[in-house]
Amino acid sequence: MRLRLRSTGRQRLEPLSLAHVSDLTVAGADPDIWRYMPYPTVRSEGDMRAQIEDLLARQARTTDLPFAVWHLAEGRAIGMTRQSPLCMCRPVPSRAAARA
C-alpha cells in the first residue's frame, strides 16, 4: 500500500519503521509519557524496538496503521500515533447499492 502523507507545516506523519527506533527512544525517555499508555514504559532502545516491531506486526495483520510524527525543523521523529482498529478487508456497501 502506498500512502500520500501531508504536512501540517511543522510536522508530518510518515509510515513507522525500525529506522525510527533511536529518535523515538529519546522522545519517549520521560516515564510520565507512558503513564496512561496501554504499553510498557520504554526504558531502552530494545524496549522501543520491541514496541515498534509489535506495531509493525499489527500492521501486517491489517489491524493497525502506525505512523511516526516527524518534526520538520529538527529533522527527527518526535512521537508516534496509529489508526486502530483498522479493517482493510472489503468496503461496506452503500445503501444505494443495497437497494439496487
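How many helices and strands make up the secondary structure of the protein? In this predicted model, the secondary structure consists of three helices and three strands. Along the sequence, these elements follow the pattern β-α-α-β-β-α. The protein has 100 residues, of which 25% are buried. Of the contacts between residues at least 6 apart in sequence, 54% join residues at least 24 apart.

Strand β2, formed by residues 65-71, is mostly covered, and seven of its seven residues are buried. Leu65, Phe67, Val69 and His71 point one way from β2, while Pro66, Ala68 and Trp70 point the other way. The residues of both groups are buried.

β2 pairs with both of the other strands described here. With strand β1 (residues 11-15), the pairing is antiparallel and runs over five bridges. Within this pairing, Ala68 in β2 is the bridge partner of Glu14. With strand β3 (residues 76-83), β2 pairs in the antiparallel sense over seven bridges. Here His71 stands opposite Arg76 in β3. A hairpin is formed by β2 and β3, with four residues between the two strands. Gly75, in the turn of this hairpin, has a positive phi of about 65°.

Pro40 counts as exposed because its relative accessibility is 65%, and the cut-off for exposed is over 50%. Pro40 and Gln51 are eleven residues apart along the chain, and their C-alpha atoms are separated by 8.6 Å.

Methods
Residues are numbered from 1 along each chain as its sequence is written. This is a predicted model: local features need pLDDT of at least 70, side-chain atom pairs count only at pLDDT 80 or more; totals for chains, interfaces and linings use all residues. Side-chain values use heavy atoms; hydrogens and water are left out. Buried means under 20% relative accessible area, exposed over 50%, partly exposed in between (1.4 Å probe, protein chains only). Contact means heavy atoms within 4.5 Å. Two strands pair if DSSP finds at least two bridges between them.
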